[in-house]
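Here is a short briefing on a metal site and the backbone around it. Please look over the structure first.

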Amino acid sequence: MNLIDVHCHLNHEFFKGKVDDVIKRAKKAGVVAIVVSGVNPASNKEVLTLVNKYPDILRASLGIYPIDALGIQPEGAGMAHHKGPIDLEKEFKFIEQNIDKVTSIGEVGADFHWADKEKTYAQQADNFRKIIRFAIKIKKPLVIHSRKAEEECLQILEEEIKNKEIPVIQHCFSGRKSLMTKGTELGHYFSIPPCIVKSSNFQTLVKKVPLTQLLTETDSPWLSPYKEGMNEPAFVTESIKQIAIVKELPEEEVAAQIWKNYQKIFNE
Ligand SMILES: [Zn+2]
């Protein structure tokens, strides 16, 4: 089986000095591609450095996390920190300079969990629209973070992407059922983390979305499927197992289709 992790943060400080072993365990589990996501200019640089070191398996997704874009990300989240609001144009230039190394744009989107909706919605929406237009211009898939902002993100994506110009991947989507349907109808992909083991919401999502629109991710080091310890790319096996159970299909068939989806989206 060729397994994939389309969203994780191997540049998180938790993985310092452990990346060799984490990649070894991932390969042993059957993982053949790991997309590492940046969240701001400093972490995007880290992602590129890491991907250059392990080009056989790592891919770079360069992102502008909505909270970092606003400049309100607190220090100490374990990721490279950016002080003040992000200069989008400057970061777009950086991404274009490294375009050969960039697999996708993300994570990007909106967040009303960490940011006050009333105070920040206009700015978040404005940033998000600019980022979507940039992704269309450079023809790269988008990886979406939409915590407590699922409806708004879908709305903006629907308005900005009229003819499926680029693939959209909803990462850890937690919207209600009607929004799952809306995303599916818009042709979005949904990447499923291993914590689906204990999440009825992700199980419902897998039930509602066709296998041709599903992907697997870990969001590691966060969202571990287990009580103890942190998450890592090898654990996408848990996502595959659970999708197979919900869809009542053999794991091999699930993994093969998700690998196909991945190849189609990322041109691999
Ligand atoms: Zn993430």
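In this predicted model, four protein residues donate to the zinc ion: His-7 (NE2), His-9 (NE2), Glu-107 (OE) and Asp-219 (OD). They lie 2.1 to 2.3 Å from the metal. The site is irregular, with angles of 86 to 176° among its four donor atoms.

**Donors along the chain**
- The donor residues follow the spacing H-x1-H-x97-E-x111-D.
- Glu-107 and Asp-219 link distant parts of the chain, 112 residues apart.
- Glu-107 sits in strand β4 (residues 102-109), while Asp-219 belongs to the loop between β8 (214-216) and α9 (236-247).

**Burial**
- Glu-107 and Asp-219 are both buried.
- Asp-219 counts as buried because its relative accessibility is 10%, and the cut-off for buried is under 20%.
- Leu-223, in the loop between β8 and α9, counts as partly exposed because its relative accessibility is 32%.

**Backbone at the donors and in the loop**
- Most peptide bonds are trans, and most residues other than glycine have a negative phi.
- Asp-219 has a positive phi of about 55°, although it is not a glycine.
- Leu-223 is not a glycine either, and its phi is positive at about 60°.

How values were computed:
Residues numbered from 1 in each chain as written. Predicted model: local features only at pLDDT ≥ 70, side-chain atom pairs only at ≥ 80, totals over all residues. Heavy atoms only, no water. Donors = N, O, S within 2.8 Å, 3.2 Å for Na, K, Ca; no water. Tetrahedral: all angles 85-135°; square planar, octahedral: opposite > 155°, others 65-115°. Helix = DSSP H or I, 4+ residues; strand = E, 2+ residues; numbered from the N terminus. Buried < 20%, exposed > 50% of the residue type's maximum accessible area, 1.4 Å probe, protein only.
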